[in-house]
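Please open the model in your viewer and keep the selection tool at hand. The tour goes from one selection to the next and says what is found at each stop.

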Amino acid sequence: MTAETLCDALDAACGRWTTRTALSSGGARTTYGELRDQVAARAADYRRLGVRRGDRIVCQMPNRPEHLVAAFAAWYCGAVYVGAHPALTARELSTLVRLTGAALVVHEGQDPPPSVAALRRARPEPRL
């Protein structure tokens, strides 16, 4: 059976290779089972924040495993994942959020980067 979506492919890989390494970054390794659990937890977070099928989620994070988790979690919710380069200015990020009608903006860390903090002041609609 072939996977129809990326989520189907991840489910199949996680079921087949639960203990194998799925991601490796900076010496840290994540198994397929751990990846599945992280994606499920993040998708549940998105749903608690009110994300629904068809919503746009802008993700402004560097290229790290957490970025992949954020993308898969969006897809599992039926949301549209919109990647945003971490170096976008506040104005660029605000324009992207406006043009996509994003319901949620995901960023790395507890404190939002300057572009996200400025976005919060200019556009309070998307959740962070």
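Which residues form one aromatic cluster? In this predicted model, select Phe72, Trp75 and Tyr81, which together make up that cluster.

Begin with Phe72 and Trp75, whose ring centres lie 5.1 Å apart with the planes at 80°, so that the pair is edge-to-face. Both belong to helix 3, where they are three residues apart and thus separated by about one helical turn. Phe72 counts as buried, because its relative accessibility of 10% falls under the 20% cut-off, whereas Trp75, with a relative accessible area of 31%, is partly exposed.

Now turn to the largest nonpolar core, which has 23 residues, and select Val39, Tyr46, Val51, Ile57 and Val106, the members that touch the most others. At least two residues of this core come from each of helix 1 (6–16), helix 2 (32–48), strand 3 (56–60), helix 3 (65–76) and strand 5 (104–107). Apart from this core lies another, of seven residues, including Val58, Ala84, Leu93 and Ala102.

If you then centre the view on Val106, its contacts beyond four places in sequence are Tyr46, Ile57, Val58, Cys59, Gln60, Met61 and Ala70.

Finally, select strand 1 (residues 21–25) and strand 2 (residues 28–31), which pair in the antiparallel sense over four bridges. The two strands form a hairpin with two residues between them, and Gly26 in the turn has a positive phi of about 55°.

Conventions
Residues numbered from 1 in each chain as written. Predicted model: local features only at pLDDT ≥ 70, side-chain atom pairs only at ≥ 80, totals over all residues. Heavy atoms only, no water. Core = buried A, V, L, I, M, F, W, Y, C linked by side-chain atoms within 4.5 Å. Buried < 20%, exposed > 50% of the residue type's maximum accessible area, 1.4 Å probe, protein only. Contact = heavy atoms within 4.5 Å. Pairing = 2+ DSSP bridges. Phe/Tyr/Trp six-rings, centres within 6.5 Å; stacked < 30°, edge-to-face > 60°.
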